[in-house]
Amino acid sequence: MLTFLIAVLALVAGYFVYGRIVENIFNPDSERVTPAISMQDGVDFMPMPTWKIFMIQFLNIAGTGPIFGAIMGAKFGPSAYLWIIFGCIFAGAVHDYLSGMLSIRNQGAGLPELIGKYLGQTTKKVMLCFTVFLMLMVGAVFVYSPAMILGGMTKDIIDNSVYVWCAVIFVYYLIATLLPIDKIIGKIYPIFAIAILFMAIALGVNLIIKWPTLPELYEVGVDTASFNGMDIFPALFITIACGAISGFHATQSPLMARCMTNEKYGRPIFFGSMITEGVVALIWATISMYFFYGGGAAELGKDTTLQAPQVVTAVSEGWLGVIGGVLAILGVVAAPITSGDTALRSARLIVAEFIHLEQKSIRKRLYICIPMFLVTMGLLCFNISNPQGFNVIWNYFGWSNQTLSVFTLWAITVYLAMNKRFFWITFFPAAFMTCVSITFLMISKDCLNMNPMLSYSCGIVAALAACGCFLRWYTNWRKTAKNQ
């Protein structure tokens, strides 16, 4: 438990210390007019209160990621603490803050536009397809998983309940994607965010009261055990994504960048929401270690073979009673639904930006939404008809998610270099995540399933090649800038 407390304090210190350093490097301008003011359209560009933007941003980027990912990642032992701490502070929070602020500086541009501006038009086109497909996968996954849970709860009341709930959630997605951001998202998302935070805090207090005996990092060191047949590297860094770094966040930050009224709010909104998500991940990682290895499952009369959603329900109901059961439902049902609809909203805006189609008219929003939802429905049908469909899509989502963070970090690094800022703060995380992403692609049984040593070698070579390309570009750019 000492490791847990030290980890929480480290994240808080990371916000106040490293967050301030990153903010000073970017240098926000409180006098600059933001897109929420200059481009206000009553649909997507709309000023909102800072506290509400923070809550929406937190819910958008969190979903069930810091809960499910931390539960699965905790099976690697206390090593999970290190990745959550260092990943969240030095990679994830920096990634979220700078991608959000870069969007503000570029008239609320979406991620593919930002990547295209700093990494080239060819990369932009590739990342446009990659990002939109990732958003549609999120939509499909986050229809099916809550529908399965709700279907299990109502199977005795509703015939074919899973299909019915899929239809209900899908209709909600369409409505939430089409309506102005303040109509549904701005009204109910802060409530869901507060509920998830309350659940995390209440469970954290329970942990401190129980003070279970758990393996401390300073006692056992870095655990190199494998989980599901894959070693800690790169599996841990893919499994715990939303609690450390996630490329999906960079698709969500522009949504809130279009609602901010002052650049000075960037650190509490973007950096702060990521640190908050890291604290939630720490709480659930600790709960999981207690549940699986510290006697928590026996205390609750449960089996250690439970899956992540079942662990959430068992712990919440067992520790917090009826209130905990309600909060658990919000956590495993409402959270993925809210991430799913903002993913589809983000996809709509990305496509609209690329084809230069204004979105003030609901008719033009439908031009994009109809084909987009048809593709999502196809992915959903694959989920339902194939017994392994969900697992396949989820595994590819995990890899795609971290790969997206790679391109985002390199684009930010180029921006910082071009503006003569200290670009090393994103250079090293970009290099590391490049290695992680390529290694996972090579070694995963769901991907290329190659020899581990060859996979590690390819990951290292890819990271070195990416670093070499950037440094060569930077050297040439400096020479050109000096001669002008």
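Which residues form one aromatic cluster together with Phe470 and Tyr474? I looked this up in what is a predicted model, and I find that the cluster is formed by Trp410, Phe423, Trp424, Phe427, Phe428, Phe470, Trp473, Tyr474 and Trp477.

**Entry 1, aromatic pairs.** I searched the whole structure for aromatic pairs and noted 33 of them. I then picked out Tyr290 and Trp319, a pair that counts as tilted, with 6.0 Å centre to centre and 45° between the planes. This pair links distant parts of the chain, since I find Tyr290 in helix α14 (residues 266–293) and Trp319 in helix α16 (residues 308–355), 29 residues apart. I also checked the accessibility of both partners: Tyr290 is buried, at a relative accessible area of 8%, and Trp319 is buried as well, at 11%.

I asked myself how Phe470 and Tyr474 are placed along helix α20. They lie four residues apart in this helix (residues 452–483), and therefore about one helical turn separates them. For Phe470 I noted a relative accessible area of 5%, so this residue is buried. For Tyr474 the value is 18%, and because buried means under 20%, I count Tyr474 as buried too. Both residues belong to the aromatic cluster with which I opened these notes, where Trp473 and Trp477 are also among the members.

Is helix α13 enclosed by the rest of the structure or open to the outside? I went through residues 248–257 and found that 10 of the 10 are buried, so I describe the helix as largely enclosed by the rest of the structure. The buried residues of α13 include Phe248, His249, Gln252 and Met256, as well as Pro254 and Leu255.

Finally I looked up a nonpolar patch on the surface, which is formed by Leu2, Ile6, Ile208 and Trp211 and has about 380 Å² of accessible area together. I located Ile6 in helix α1 (residues 2–16). Its relative accessible area is 54%, and because exposed means over 50%, I record Ile6 as exposed.

Conventions:
Residues numbered from 1 in each chain as written. Predicted model: local features only at pLDDT ≥ 70, side-chain atom pairs only at ≥ 80, totals over all residues. Heavy atoms only, no water. Buried < 20%, exposed > 50% of the residue type's maximum accessible area, 1.4 Å probe, protein only. Helix = DSSP H or I, 4+ residues; strand = E, 2+ residues; numbered from the N terminus. Phe/Tyr/Trp six-rings, centres within 6.5 Å; stacked < 30°, edge-to-face > 60°. Patch = residues over 30% accessible without salt bridge, like charges linked within 9 Å, V, L, I, M, F, W, Y side chains within 5 Å. Areas by Shrake-Rupley, 256 points an atom, 1.4 Å probe, with all protein chains shown as cover. Salt bridge = Lys/Arg side-chain N within 4 Å of Asp/Glu carboxyl O.
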